[in-house]
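User: I'd like a close look at one part of this model, namely the helix packing. Take me through it in plain words, and tell me what to keep in mind while reading.

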Amino acid sequence: MTDRQPEADATIDRLVRRYVEHQIEQVDAERLTTSCPGQPERAPLGRGESPGPPKVQRRP
Amino acid sequence: MTSTSPSAEQLDAWVSETSRRALGYAATLVRNRQDAEDIVHDCYRRLLAHSDRYDLIRDGTKLLFRAVTNACINHTQRRPAEGSWEQLELSADADQRAMRDPEAAEPSQEAMRRELEEAVGHALAQLPVPQRAAIELRSLGHSLVEVAEMLDVSYANARVILHRARTTLAAKLQPFIEEPRP
């Protein structure tokens, strides 16, 4: 398990990081607050006081 | 148990900081954006329901990624990913691509970058989910100790899982990463 070149591992890690970061860039976090067509409306992630970043409903 | 519970504003900020990353990570694991949203939403809800028990400001990101990882592994074990990797990417890029002129000549570097990215996506998709999770978590900057915690395996096992992932990816991506011989 130790015969691999660290450079090769670093190259693989860099490719995966670039890929994952690109996927993350494509994510629209605001969709977390929306409901999905054809599905029951999901409770908003938040206290529902203001639009914007995802909000989280805390239990009383 | 924490001495002082974080304020709602602090929790909101924490969610804002982590949600895109968590959702992108989950989407790459389950290969279905809608399922990823459901999983991440549920993980946030469960964590925040116990925000008095955990120090989410300090440990929340680690706890969140651990919960998302486990939920994604459980999800894929229950039901194989329905959408193909291409569908995930196409749906995400649909608007951007629609804006482009399909007849326009694409710079070769952009074409190569896209080809490489597709190859990485295909290679990742063929890994068992724990291996995919391990290498993606490492690529996101988590230490091997954290990866072991998130996968709920020993440090030694995490090393083996990561090694297998890298070996498989290296073999599949060899044409893209091999240096041209002089």
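Analyst: Helices here are DSSP runs (H or I, at least four residues; strands are E, at least two), numbered from the N terminus. Residues are numbered from 1 along each chain as its sequence is written, with chains lettered from A and ligands numbered from 1 in the order written. The model is predicted, so local features need pLDDT of at least 70 and side-chain atom pairs count only at pLDDT 80 or more, while totals for chains, interfaces and linings use all residues, and side-chain values use heavy atoms, leaving out hydrogens and water.

Now the packing. Helix 3 of chain B (residues 56–78) meets helix 7 of chain B (residues 144–151) at an angle of about 50 degrees, with the axes 8 Å apart. Those axes are lines fitted to C-alpha atoms over the stretch in contact, and angles run from 0 to 180 degrees between N-to-C directions. On the helix 3 side the contact comes from B:K62, B:F65, B:R66, B:T69, B:N70 and B:I73, and on the helix 7 side from B:E146, B:E149, B:M150 and B:L151. Contact means heavy atoms within 4.5 Å.

Helix 1 of chain B (residues 8–30) packs on helix 6 of chain B (residues 129–139) at about 150 degrees, with axes 10 Å apart. That makes helix 1 of chain B roughly antiparallel to helix 6 of chain B, again with a right-handed crossing. Here B:Y25, B:T28, B:L29 and B:V30 of helix 1 meet B:V129, B:R132, B:A133, B:E136 and B:L137 of helix 6.

Helix 1 of chain B also holds B:A26, which is buried at 0% relative accessibility (buried is under 20% relative accessible area, exposed over 50%, partly exposed in between, with a 1.4 Å probe and protein chains only). Leaving aside neighbours within four places in sequence, B:A26 touches B:R31, B:A36, B:V40, B:V68 and B:C72. B:V40 sits 14 residues from B:A26 in sequence, with 7.2 Å between their C-alphas.

As for the cysteines, B:C72 is buried at 0%, and so is B:C43, also at 0%. Their sulfurs are 7.3 Å apart, too far for a bond, given that a disulfide is a pair of cysteine sulfur atoms within 2.5 Å. The count over all chains is 0 disulfides.

What about contacts with chain A? B:L169, in helix 8 of chain B (residues 155–172), touches A:I12 and A:V16, along with B:A123, B:L124, B:L127 and B:I135, not counting residues up to four places away. B:L169 is buried, with a relative accessible area of 0%.

One caution about chain A: its average pLDDT is 62, and 38% of its residues score at least 70 (pLDDT is the predictor's confidence in each residue, from 0 to 100). Residues 33–41 of chain A stay under 50, with 8 contacts beyond four places in sequence.

Note on methods
Angles under 35 degrees count as roughly parallel, over 145 as roughly antiparallel, 65 to 115 as roughly perpendicular and the rest as oblique. A crossing is left-handed if the near helix is turned anticlockwise from the far one by less than a right angle, and right-handed if clockwise.
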